[in-house]
Amino acid sequence: MEEKKELSLEENFDKLEELIEVLSDADVSLEDAFRVYSEGVTLLKTCNDQIDRVEKKVLVLSANGELEELDGDGTEA
């Protein structure tokens with residue numbers, strides 16, 4: 001089975017915009033709207049996970065000029 005490549009955060013945001021456009025269409029059926037909405041919720045969770053991973057990698061320049069990794073709670077490690 002072929003492994004799916006994870007899309008970048010920007011690509012996922014673009015996909016979310018496309019889904020919003022579909023949902024904005026007055027002619028979309030209820031069934032299609034629900035399918036697109038469900039896909040959007042899943043994609044939004046993926047985006048949140050990607051943002052969380054990026055936040056954990058943020059580096060903060062300390063007062064003494066050294067780079068320190070930011071903890072998950074937003075404080076310096």
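Terms first: helices (H or I, at least four residues) and strands (E, at least two) are DSSP runs, numbered from the N terminus. By that rule, Glu-17 lies in helix H1.

Now the provenance. This is a predicted model, where local features need pLDDT of at least 70, side-chain atom pairs count only at pLDDT 80 or more, and totals for chains, interfaces and linings use all residues. Residues are numbered from 1 along each chain as its sequence is written, and side-chain values use heavy atoms, with hydrogens and water left out.

The overall layout. The chain has two helices and two strands. Along the sequence the pattern reads α-α-β-β.

Next, the surface. Areas are Shrake-Rupley with a 1.4 Å probe, and for residues only the protein chains shown count as cover. The chain exposes about 6,500 Å². Carbon and sulfur atoms supply 54% of that area. For single residues, buried means under 20% relative accessible area, exposed over 50%, and partly exposed in between (1.4 Å probe, protein chains only). Of the 77 residues in the chain, 14% are buried.

On to contacts. A contact means heavy atoms within 4.5 Å. Take the contacts in the chain with a separation of 6 or more: 38% of them join residues 24 or more positions apart.

Now the helix pair. Two packed helices are described by the angle between their axes and the distance between the axes. Axes here are lines fitted to C-alpha atoms, for helices over the stretch in contact, and angles run from 0 to 180 degrees between N-to-C directions. H1 covers residues 9-24 and H2 covers residues 30-57. Their axes come within 10 Å and cross at roughly 155°. H1 and H2 are therefore roughly antiparallel to each other.

Which residues make the contact? From H1: Leu-9, Asn-12, Phe-13, Lys-15, Leu-16, Leu-19, Val-22 and Leu-23. From H2, the list includes Ala-33, Val-36, Tyr-37, Gly-40, Leu-43 and Cys-47. The residues of this contact divide into 13 nonpolar, four polar and two charged.

Now some individual positions on H1. Asn-12: buried or exposed? Asn-12 is buried, at a relative accessible area of 3%. Leaving aside neighbours within four places in sequence, Asn-12 is in contact with Leu-7, Leu-43, Thr-46, Cys-47 and Gln-50.

Leu-23, also found in H1, is partly exposed at 36%. Not counting residues up to four places away, Leu-23 touches Val-28, Ala-33, Val-36 and Tyr-37. Leu-23 and Val-36 are 13 residues apart in sequence, with 7.2 Å from C-alpha to C-alpha.

Two glutamates to finish. Glu-10 is in H1 and is exposed, at 55% relative accessible area. Glu-10 and Cys-47 sit 37 residues apart in sequence and 9.1 Å apart, C-alpha to C-alpha. Glu-17 counts as partly exposed at 48%. Glu-17 and Gly-40 are 23 residues apart in sequence, and 9.4 Å apart in space, C-alpha to C-alpha.

Definitions and conventions:
Parallel < 35°, antiparallel > 145°, perpendicular 65-115°, else oblique. Nonpolar A, V, L, I, M, F, W, Y, C, P; charged D, E, K, R; others polar.
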